[in-house]
Amino acid sequence: MTEATSAQAVPTSWQAALNPALSTAEARRLGGWLKAEEAAGRRIYPPRGNRLRALELTPLDAVKVVILGQDPYHGPGQAHGLAFSVLEGVRVPPSLVNIYKELATDCGVAAPLHGNLEHWARQGVLLLNNSLTVQEGQAGSHQNKGWEAITDAAVAAVAAKQEPCVFLLWGSHARKKAERVAGLAKSHHLVLTAPHPSPLSAHSGFFGCRHFSRANAFLRENGRGAIDW
């Protein structure tokens with residue numbers, strides 16, 4: 001464990017995969033940088049204790065689906081450690097509104113009145129951001145600070161699983177991250193790509209991608225059980 005994880009223990013199922021990345025000089029620099037940013041009064045999201053929430057809720061041996069985000073939401077009270085998710089009582093962000101729209105069209109699932117995706121995570125949907133922290137009000141502010149090596153290791157650990165999994169890659173950042181995992185595209189897993197669900201790009205191919213039903217069909221075919229979206 002390093003300062004980068006903010007005194008949060010790496011969940012047991014992920015330790016073998018992540019500890020090598022967390023023990024590097026790069027991870028130590030990330031931890032020191034985060035500590036200095038907080039000491040300087042910069043507000044960082046999600047708060048300490050929630051930065052590994054995706055890994056806590058979805059153990060490595062339980063992963064069925066991986067959805068990759070870019071970085072946490074940067075508004076007050078939004079980020080809680082799961083990509084695209086916000087806690088109940090927080091306004092549903094535009095990208096998640098579009099995810100819900102596609103889900104309704106694809107699977108007939110009515111949009112929830114909240115944006116908390118923990119019920120997905122507990123079923124084996126790993127909602128992982130590329131960077132696990134962000135500065136308030138500054139999207140992408142913690143990119144290229146060291147998180148990528150750690151989250152790459154998490155993606156690689158899923159790719160190494162014998163059980164078939166589904167990777168849903170929405171937008172260029174997600175695709176580029178997956179490309180860093182050697183052999184993922186040619187593996188026994190299902191890799192689906194689409195534009196990002198952001199209002200800026202959702203109409204360019206995210207709507208109508210039918211990723212949710214396609215993921216469930218693949219999981220059923222491989223005896224892994226469908227996700228209750």
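Modeller: His 189 lies in the loop between helix H7 (172-179) and strand S6 (190-194); helices (H or I, at least four residues) and strands (E, at least two) are DSSP runs numbered from the N terminus. The model is predicted: local features need pLDDT of at least 70, side-chain atom pairs count only at pLDDT 80 or more, and totals for chains, interfaces and linings use all residues. Residues are numbered from 1 along each chain as its sequence is written, and side-chain values use heavy atoms, with hydrogens and water left out.

Colleague: Is His 189 buried or exposed?

Modeller: Buried means under 20% relative accessible area, exposed over 50%, and partly exposed in between (1.4 Å probe, protein chains only). His 189 has 7% relative accessibility, so it counts as buried.

Colleague: Which backbone nitrogen does the side chain of His 189 reach at 2.9 Å?

Modeller: The side chain of His 189 also reaches the backbone oxygen of Ala 159, at 2.9 Å. The backbone nitrogen that this side chain reaches at 2.9 Å is that of Cys 165.

Colleague: How many disulfides does a search of the whole structure find?

Modeller: A disulfide is a pair of cysteine sulfur atoms within 2.5 Å. By a search of the whole structure, the number of disulfides is zero.

Colleague: Which cysteine sulfur is nearest to that of Cys 165, and how far away is it?

Modeller: Cys 165 is buried, at 0% relative accessibility. Cys 165 is in no disulfide, and the nearest cysteine sulfur is that of Cys 107, at 19 Å.

Methods
A polar contact is a pair of N or O atoms within 3.5 Å; within protein, one must be able to donate a hydrogen and the other to accept it, and residues adjacent in sequence count only if both atoms are side-chain atoms.
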